[in-house]
Each structure stands twice: as structure tokens, then as C-alpha cells.
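This report goes through a structure part by part. Please look at the sequence and the model before reading on.

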Amino acid sequence: MYAAVETLAHYFYPRYSNNHKAKLLHSSTLFFLILVLVAYQFLLQFSPSWGLRILGYASSIPPEQVISLTNQKRQSSGLQPLEFNTTLSQAAEAKGRDMLAKGYWAHVAPDGTEPWKFFVDVGYKYKYAGENLARDFSNPASAVEAWMASPSHRENMLSPKYKDIGVAVVEGNLAGVDTTIVVQLFGTRQAEASQVTVAKASTETEAQVAISPTPQVTPTPSKLPEFFVQVSPQPTPVFEQTSSGGVAQEQKPSLLISPFDTTRGVSLATVILLLLVFVVDAIVVSRRKIPRIGGRTFAHLAFLGMLLALVLIAKAGKIL
Amino acid sequence: MNKLARDIQHYIPLIGIFLAGILGFLMFSFDRVFQATLAVGLAVAYVFWGLVHHHIHKDLHISVILEYIVIAVLGVVIVFSLLFRA
């Protein structure tokens, strides 16, 4: 017991045994801490290949909410809501499956397959088309907000040239990590596009740019779709019928450990521990008037405080 | 505390850099590359501040430089691990 207290004091409290500076704050210990954090990341990265299925994201992203939130953003910007299109959702599902099957996270597959192929494959003859991708978000609102924060994705969501939307949420193993991918496709059929006043057009292959000079505002809420695609390659998916009778939605597996959440937890614990030890160190050294050569504690506290803020700001999920 | 008040003109720019970093991290939450670059930039600025500050006070030693570098690298590792996992 006494030895344990001595060891703790040695690591966390300035005293004679650690040259009046908590051992945790010595450069050698901090360097060791860096190695531990890096090793922890390697452990998280390679544990799936060792058969330890401890990774995964427990997410709940109903596609209908993604569409609803998207239409809310459009309406608040004075744009017409997008119509749910089952064909586009099938194309989105095909894109999601393709990403999982080929193990890529990109708009264009490694074999050169472009997003527009999936539109054509399901028979959606587009005049304008767009694609937003998101992965590893824990809820639909955070995914939509992330898209809105990105100028290019925001442009897709708030473009008056699009009439239809299709969304698929696909779960599976992407490059060794359990992942939830949201594929959001936008489009306007060729016949519909002829009714849109085109002010400007580019020659881009994937999507011709059209700007309607007088976007109309509609006060009516967007019509909720009757069918959504949500697929998972998990071995035993369970589907349930909803009250509407048309929506098939997979029941989520039991909670899995999220690499992001565990990393954030470890990061928070590390930074807070260092902050506390630095504060204790500063108080003790100041009271005892211990002269020593070292960095400025206030500067270190400021840096760690900023680091704490960055850790708290960081959000799970990537968009493309 | 007296030291802190005496060097306040040194600490204000440091705090300003860190606040700007937090703001940039928030505003460019959609751009991981920018966030990663920002994290490295902040770490470098922190080490550079330490060098200048201790040089002015004529107490710049290798152990001091190492201390700033190790803490800066720790910060970068933590931010990168979060960005990589996000």
C-alpha cells in the first residue's frame, strides 16, 4: 500500500524522488505516453484482422430522416423539397454495396466506375445528377450538418436543379472497419429537366449545371417516402415491418465499441490528467519557490487547454 | 503569478494563436486535411513561441526545447488519431 502511494506520488506530485517535477511531466515519460497512444491506434487498427470483433459503429440513421432533414434545409433556403425516388434509392444502395464489395471510400471506384453508372443501371435517365457520401455518423442530423458545412456538398443539397432524391444507408466492413455509409443521390430526369429554365450549363460529365433564376417557395411539407433502402451485409439481419407497411428497416445489432469514441475517451483522459498534474505542479512549485529549468507551465496549460477544446470539437464521421 | 503578469505581452499572442486554431478547427470541420494541417501549424507555433520566449529570457536549454517538442508531438498525435478515427 505504501509502495503504491509512493509510486503515485512519484508520477503525479513534485517531490525529491522526481527532482521536484512530477514524473509524468518529464520529457521521457511524455515520450513514452506518445508511444503508448500510437500503439493503441495500431491495436485498434489491426484488431479486426486478429479476429477480435470489438470494433464497429452503432448508428441509427433512418434514410427517411436524411431526406426529411435535407428538405428542411431546402425549404429554409426557399427551395422546393425534393421528391423521394425509389429508383434513386436503389442506385444509392447499389453504390453503397459497390463501395463495400470493392473496399473503397470515394466517388469513383478504383476500377474507374463513376457514380453516374449506378443511375443508369437502375434506369434513371438523368439530366442532372449529384452524389453526397457520409460514413460513421451516429445520427442523421450530424451527417446532414456536416454536408451543410461543406460548400460543395451544401451546393448539392441546396441546388434548385434537382427534383429527386434517393438515400441508402449501408452497413458493412470497409477496409477492416465496421462502417455505416450514407449514400445520398440527387437527380432530375431528362423529361423533367426540360421544364426547368436553364440559365447556365457546364460541360461536366457527371452533372450539368442548371440554375433556375426564380426558385419557387413551397409552404407544403415534403412528402415522406414510402420505401427506403437500408442494407447490411451482417450475417443475421432482422427486418421488421413498420406501421406504414412499406418500410423495411433492419434492427440494429447490440452496441459495439466505436473506435472514434474510445479514441476520444483515451484522448480526453490523457489531456485532463496532464492538465491536472500541471496545475498541481505549478501550485506546489510556486508555494515552495523551487527554482528549476523548464518550460513555462502557463504555456503548457494553454496548449493543453486548446487541445482539450479540439478533442471536444472533433466529431465522428467523414463526408465525401 | 508575477512572472505571468510580467510576460503578459508574450502570452497574449500565444493565446490568440490557440483561439484562432480552435476557430479554424470549428469552421473547417468538413475538411480533415485542413484540420490536420492546422494541428501541425499550431504545434509548430507553440514550439516556436517557446524558443523565442526562452531565448529572450536567456534560459533556453536543450531540455526546455525537448519539453516543448514532446508536448507538441503529443498534441499532434492526439488530434491526428481523432481525425483518423473520425
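Which residue just after H3(A) takes a positive phi? Gly78(A) does, with a phi of about 80°.

## Basis of the report

This is a predicted model, in which local features need pLDDT of at least 70 and side-chain atom pairs count only at pLDDT 80 or more, while totals for chains, interfaces and linings use all residues. Residues are numbered from 1 along each chain as its sequence is written, and chains are lettered from A and ligands numbered from 1 in the order in which they are written.

## Helix H3 of chain A

Pro63(A), Val66(A), Ile67(A), Thr70(A), Asn71(A) and Arg74(A) are the buried residues of H3(A). A residue is buried if 20 or more other C-beta atoms, placed from the backbone, lie within 10 Å of its own, exposed if 12 or fewer, and partly exposed in between.

## Two loop residues

Asn19(A) lies in the loop between helix H1 (2-12) and helix H2 (27-46) of chain A. Its phi is near 60°, a positive value in a residue other than glycine. Asn19(A) counts as exposed, because it has 12 C-beta neighbours inside 10 Å.

In chain B, Lys58(B) is in the loop between H3 and H4. Phi of Lys58(B) is also positive, near 55°, and Lys58(B) is exposed, with 6 other C-beta atoms within 10 Å.

## Contact between the chains

The contact takes 39 residues from chain A and 35 residues from chain B; two residues are in contact if their C-beta atoms, placed from the backbone, lie within 7 Å. On the side of chain B that touches chain A, H2, H3 and helix H4 (62-85) each supply at least two residues. H4(B) gives the most, with 16 residues.

The residues of this side of chain B divide into 23 nonpolar, eight polar and four charged. Ala, Val, Leu, Ile, Met, Phe, Trp, Tyr, Cys and Pro count as nonpolar, Asp, Glu, Lys and Arg as charged, and the others, Gly among them, as polar.

Conventions. Helices (H or I, at least four residues) and strands (E, at least two) are DSSP runs, numbered from the N terminus.
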